[in-house]
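Subject: Structure for you to look at

Hello,

Here is the structure I promised to pass on. Please open it first, then read the notes below with it in view.

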Amino acid sequence: MSALKRVQQWATFARVWHIYDASWQNPFKSAELLKKYLMGLHKPIYHPMNDCGDHVIVINSGDIALPGDEWKRRVYFHHTGYPGGATWTLAWELHSKDPTMVLRKAVYNSMDGNLQRRYTMERLHLFPDANVPTNLLKNVSNQIQQLKAKPKRLDHYSENQVKQFPKIFDYPKDYILK
Amino acid sequence: MSLFKPTFSVLRRCVALNVSIRTSESRSIKRWVAPTLKELYRRREKVGPEPEKPRSSYLEWNYEAEVFAFGKRLGEEFDRDILKKALIQKEYANIQEIKAKETGQNLPTITDNYELIPEGDGIISSYVMTELSKKYPEDIAKAVTNYLTSEEMLSYIASHIGLKDLILTNEFPVANSTLCNTFKAVVAALKQSQNLAQAEKFIHDFVLSQLNGKNVYEIWDPKEPYKYLTRLLHQRGIKEIEPRLCNQSASNTVLACFQVGLYSNRELLGIGWGESVHIAKDTAALDAIQRVYKNYTTQLENK
């Protein structure tokens with residue numbers, strides 16, 4: 001094998017590190033997106049027996065947004081194996097205990113249960129906020145686009161900007177705002 | 001094998017007996033069969049494999065017919081005497097002479113291939129070099145010529161066209177150097193039998209064809225590609241090369257991959273990858289060299 005062919009192989013199987021901002025994102029739809037990168041489904045060389053998955057760093061997993069009233073309705077079941085060991089934890093409860101767990105479980109459940117799944121999960125690095133160790137950040141060479149752009153909250157706009165924003169109508173002078 | 005003959009005859013008799021019994025009442029294989037076969041196998045293992053013997057030691061070996069068939073097989077018309085001469089090693093000829101002296105026979109004129117070897121060597125290397133120079137620049141042509149005319153390659157060719165059994169030599173198995181020398185002598189013999197053009201066709205068919213399926217850039221490997229490239233481009237009037245780091249991934253891990261592109265005047269000369277920037281730069285230089293040499297023949301025509 002010539003030197004050029006060798007590095008071609010090296011480049012083909014190089015692991016790319018991606019970063020994903022999970023703030024205000026649906027974790028279940030994000031899981032479908034992240035799974036493709038983790039398993040290497042986006043690569044032309046993909047094969048189930050080909051170890052070509054990439055690494056993904058997810059930041060702000062504490063700021064995920066569940067659709068509707070899923071925080072109250074979604075239940076995570078766990079059984080210790082002992083009689084009476086079953087527990088049902090609500091999503092908001094689980095999230096308050098570990099802010100990465102909802103997204104981690106979403107990604108884990110989005111993949112088929114085979115021997116590769118746990119190794120693929122090892123390539124997912126979840127952080128509840130934006131504090132990522134620098135040695136991991138140095139590896140990153142790509143950013144995954146968010147499913148929905150994070151909207152800016154009204155209280156994050158300056159007072160001047162809110163005032164200057166075009167309005168459809170003016171309140172009457174004597175109208176009392178709640 | 002003569003050692004086992006009585007055993008085998010006993011066995012055969014017993015088996016015959018067994019068969020006759022089997023037809024009458026017993027359907028089983030006799031208890032002694034397996035231990036006997038095991039014992040025979042053990043003895044065979046103990047004696048070890050039969051030593052490799054030269055093909056010429058076999059009973060039906062006919063040297064004259066083999067030498068005749070050698071040329072016909074390759075589709076070449078050899079002069080019988082010259083071909084025979086090309087197959088005789090110097091050491092073999094010397095020993096034959098000494099033996100003849102000892103026995104007091106009148107000396108047969110045995111000539112060896114000693115003079116033919118350098119002649120054949122010259123024909124092979126000059127023809128291969130000229131043919132390769134038509135397609136590749138001098139450095140590559142030289143390296144590939146060295147590869148094709150190496151002892152390893154020529155002995156490989158020689159053994160596969162059936163020279164191994166035909167060589168008259170004292171050693172067995174035949175050494176690579178002997179095979180290589182004999183191949184050279186055969187080429188010289190072909191030239192003497194016919195002409196230089198025919199010998200060159202022979203080299204074309206058997207030596208140059210060894211390049212089939214091989215990449216010359218795997219055979220020719222410059223030690224310092226970046227320096228080589230700068231020298232090469234300097235000759236072509238490109239003074240400045242700018243290496244740029246185009247891409248990198250997982251740079252803080254053992255699986256780090258860097259992509260370096262070499263640019264000159266905002267034009268890409270070559271691109272390469274590697275586990276470090278240094279390696280990537282070198283492979284980019286290799287790629288650039290290949291791109292420069294890609295249309296080498298057309299450049300010659302333009303001149």
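Two strands count as paired if DSSP finds at least two bridges between them. Please keep in mind that this is a predicted model.

**A hairpin in chain A**

Strand E3 (residues 75-79) and strand E4 (residues 86-90) of chain A pair through five bridges, and the pairing is antiparallel. One of these pairs A:His79 with A:Ala86 in E4(A). Six residues lie between E3(A) and E4(A), and the two strands form a hairpin. In its turn, A:Gly81 has a positive phi of about 105°.

**A sheet in chain A**

Strands of a sheet pair through backbone hydrogen bonds, and the pairing can be parallel or antiparallel. Chain A also has an open sheet of four strands with parallel pairing, in the order E5-E2-E1-E6. Its edges are strand E5 (124-126) and strand E6 (140-143), each of which pairs on one side only. On average, neighbouring strands of this sheet are turned by 30° against each other, direction ignored. Strand E2 (residues 55-59) of chain A is joined to E5(A) by three bridges, and the two run parallel. Here A:Val56 stands opposite A:Leu124 in E5(A).

**Two helices in chain B**

Two packed helices are described by the angle between their axes and by the distance between those axes. In chain B, helix H3 (residues 63-74) packs against helix H4 (residues 80-87) at an angle of about 105°, and the axes are 11 Å apart. Angles of 65 to 115 degrees count as roughly perpendicular, so H3(B) and H4(B) are roughly perpendicular to each other. From H3(B), the residues in this contact are B:Tyr63, B:Glu64, B:Val67, B:Phe68 and B:Phe70. They meet B:Arg80, B:Leu83, B:Lys84 and B:Leu87 in H4(B). By class, the contact has six nonpolar, no polar and three charged residues.

**A cavity lined by both chains**

Helix H1 (3-12) of chain A and helix H13 (277-294) of chain B each supply at least two residues of the lining. By class, the lining residues are five nonpolar, two polar and one charged.

Regards

Note on methods. Residues numbered from 1 in each chain as written. Chains lettered and ligands numbered in written order. Predicted model: local features only at pLDDT ≥ 70, side-chain atom pairs only at ≥ 80, totals over all residues. Heavy atoms only, no water. Nonpolar A, V, L, I, M, F, W, Y, C, P; charged D, E, K, R; others polar. Axes fitted to C-alpha atoms, helices over the stretch in contact; angles between N-to-C directions. Parallel < 35°, antiparallel > 145°, perpendicular 65-115°, else oblique. Contact = heavy atoms within 4.5 Å.
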